[in-house]
Amino acid sequence: MVTKNNAEVVVIGTGVVGVLIAEQLLDAGISVLMLEAGPRVSRAEIVENFRNAPLGLKGDTSVSYPPAPWAPHPTGPTGGAHDYLQLSGPDSYAQTYIRYAGGSTWHWAGTSWRLTPEDMRLKSLYGVGRDWAFDYDTLDPFYTRAEYKLGICGPSNPEQQWPRRARLKPYPMPPLPFSPGETRFTQIVKELGYNNIPVSQARNSGMPYDDRPACCANNNCVPVCPVGAKYDAATALGRLEAKGAKILADAVVYKVETNGQNRIEAVHYLDPNKQSHRVAGKLFVIAANGLETPKLLLMSKDDRNPNGIANRSDQVGRNMMDHPQLTLTVTTKEPFWSGVGPVVNSGIMETSQGAFRSEHAGAYFRYNNFARNRFVTFAALKKGLVGKALDEEIRRMTACTADIVAAHEILPHPDNRLTLSDKTDWLGLPKPSIHYDVGDYVRRSAEVYSLPIGKKIAAAMGATDVKISPKFAQSKHIMGGTIMGADAMNSVVDTDCRSHDHDNLFLPGGGAMASTACGNSTITMAALALRSADAIVSQMKGAH
Amino acid sequence: MGGFLQAHFDDENATRRQLSEAKMKLPVSRRRLLIGSAAMAVGYVALSTSPAFPAAPAAAASGEALNAKFMRLSNLLINHRLSPAVGARIAEGAAADHKDMAAMMDQIIAIAEQKQARVVEDFFEDIPAGPAKEFAHWVIFAWYSGVSSPKPDAKVFTFEEALTFQTTSDVVTIPSYGLSGPNLWSQATVPLSQMPRF
């Protein structure tokens, strides 16, 4: 075993949270070592993987990101590690994330909805869930910083911004143009009283930003932006190294070591040769993904921490949340035409808010803007048509079908829980096991609220056929496993995402979120990361 | 549609599961696989130079003839301009899976010539149900989808040149290929009736 101690702060994970924190520390003159479980892969290789994949597999992200044996990531039913997550319960917590340098922002859509003030006070306002330990105004400046750091484009018209309240600064870039389908969808839902507004998104709009080019409508944000116009954390790795960061890929951290004062002393990682290494430091940040972080904490139990690291509250791995979603696939008479511009470009957010939240979840509706050829080509060919009739059928099905997605909020529940499976991975480390039930709060919403709205929208679109997904799918927005709170007895981290139990351990990211709201979680994770970074700098400079 | 393609659709899920399991057991990237394949090919040539060399010109000529006939067939089955390079890949894939491919091509071409067909609609209904018709459907399938089947282990002949994208090329992006310049993609909707020429 080799002991390495070449940085003041050790950051585990090179996704958006780890990268944002690392850069703030480097800018403050603090040395940083980053440990990444997976490989470091070029954008060109990922694009090549996507293009060379069979048409029927292009929706499976594992085709573009085949997992390394030592760093398996879940890949969904058609991927290469479909049994990495051991799932149980009434609903399936089937996630995908990426254990590559750069993390899961490689394949995020870039959607960056903020929480609203009400989203952070569910208990006070509606008597459900948890309140956050601070209010929206506390988070607001960190949202703004995150939006400038990632490069978020969005509307300047306050009526089209989310949440509808005065911004501290305008978005750094204007919104992106709508596709014909998005334009038509916006007109139709307006007649129903809903506002489909431009999504604030991490994509360069009309101009370069952060040394990355402008979006030129490749319509491939998921699984990979081929030109890097969409922010992903991989785009920052070279800059971090230029600032002095050391980044070790293929380093799978499997143990967090405490000392006699129950502070974190070191972490241990395995390399692809299954050799163990020890890395010491003064302060540690675990930002290894909403599932991998609680897994690592539970794996690291010791005599001083018999339930696992940071787990005096027994809340590590509990309260697992996401945005359970239902999709309405509609067939219309008139052409809508998706597949021009980014894959997600707008949404109806106001349906996520209201007094009804005391009874059931809110929902956010979006018109998916993926090019639909790959969804319809096989079905069109299966009809046995040839010649002009075949051409016309593919064109019709591409233009006249659309996916409307209703994404729901979910409440934290301790029984939605990640534990360690007795099944092990290639390195012999336990696989994550997750029990999950979206709960009556979500099911009631689908029954009395979200699906009725979705069906109303479909009817207004002139749908001749509507297919509704039979089960809730996951949105791959992993939240709650290291939940934040003021009370150390029922939460894992404090308002800076610092472990209640270990003052030199930070667990920032989606795991800390005390409520999910309906919008995608990454921009809130980024804001929390910057808030943690400030606290870490202050602590390292001796102010804490 | 005949049983050949139907079988592909029916057992798609089972094959996906099998492929997933295989990938779990042997996680090898496509790049590494290609590098490995290239190394194996070089090794094969080195080991087999003297017996294989005299036969190579004949094999090449045979391959060219097959490709030419396949393109002739494809141009009868599909009313569009077709890429010979893509056609060569589809022909190679077809030959691997259909030992009686040459005879089926002759049969279909003969029917088309007998009907003096100018477009596929002129003769397709005259192809009798059975292997030749299933093969004709498969050829069309391959050109439009760019793959040999909907299965996860399908052979990939092309992505960006798959004809499905040509039917919507006036509006829809081929994913990962840029459609226009920065923020220049605003456009009014277009009617279904304006089929692009391709």
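Which residue just after H6(A) takes a positive phi? In this predicted model, that residue is Gly193(A), with a phi of about 95 degrees.

**View 1. Helix H6 of chain A and its surroundings.** H6(A) runs over residues 180–191, and its 12 residues reach 17 Å from the first C-alpha to the last, close to the 16 Å expected. Look for its buried residues: Pro180(A), Gly181(A), Glu182(A), Phe185(A), Ile188(A) and Val189(A). Among the elements of chain A that cover them are strands E5 (196–198), E12 (346–348), E13 (363–367) and E14 (401–408), along with helix H11 (439–460).

**View 2. Leu35(A) in the largest nonpolar core.** This core has 136 residues, and Leu35(A) and Met461(A) touch the most other members. Helix H12 of chain A (residues 522–540) gives the most to the core, contributing 11 residues. Zoom in on Leu35(A) and you will find Val10(A), Val11(A), Ile12(A) and Gly13(A) among the residues it touches, as well as Leu248(A), Ala251(A) and Tyr269(A). There is also a second, separate core of 52 residues, including Phe50(A) and Trp138(B).

**View 3. Two crossing helices in chain B.** Here H6(B) (residues 101–114) meets H7(B) (residues 131–145), their axes coming within 10 Å and crossing at roughly 90 degrees. The two helices are therefore roughly perpendicular to each other. From H6(B), the contact uses Met101(B), Met104(B), Met105(B), Gln107(B) and Ile108(B), while H7(B) brings Pro131(B), Ala132(B), Phe135(B) and Ala136(B). Sorted by class, the contact has eight nonpolar residues, one polar residue and no charged ones.

Technical notes
Residues numbered from 1 in each chain as written. Chains lettered and ligands numbered in written order. Predicted model: local features only at pLDDT ≥ 70, side-chain atom pairs only at ≥ 80, totals over all residues. Heavy atoms only, no water. Helix = DSSP H or I, 4+ residues; strand = E, 2+ residues; numbered from the N terminus. Expected span 1.5 Å × (residues − 1). Buried < 20%, exposed > 50% of the residue type's maximum accessible area, 1.4 Å probe, protein only. Contact = heavy atoms within 4.5 Å. Core = buried A, V, L, I, M, F, W, Y, C linked by side-chain atoms within 4.5 Å. Axes fitted to C-alpha atoms, helices over the stretch in contact; angles between N-to-C directions. Parallel < 35°, antiparallel > 145°, perpendicular 65-115°, else oblique. Nonpolar A, V, L, I, M, F, W, Y, C, P; charged D, E, K, R; others polar. Lists of a residue's contacts leave out its neighbours within four places in sequence.
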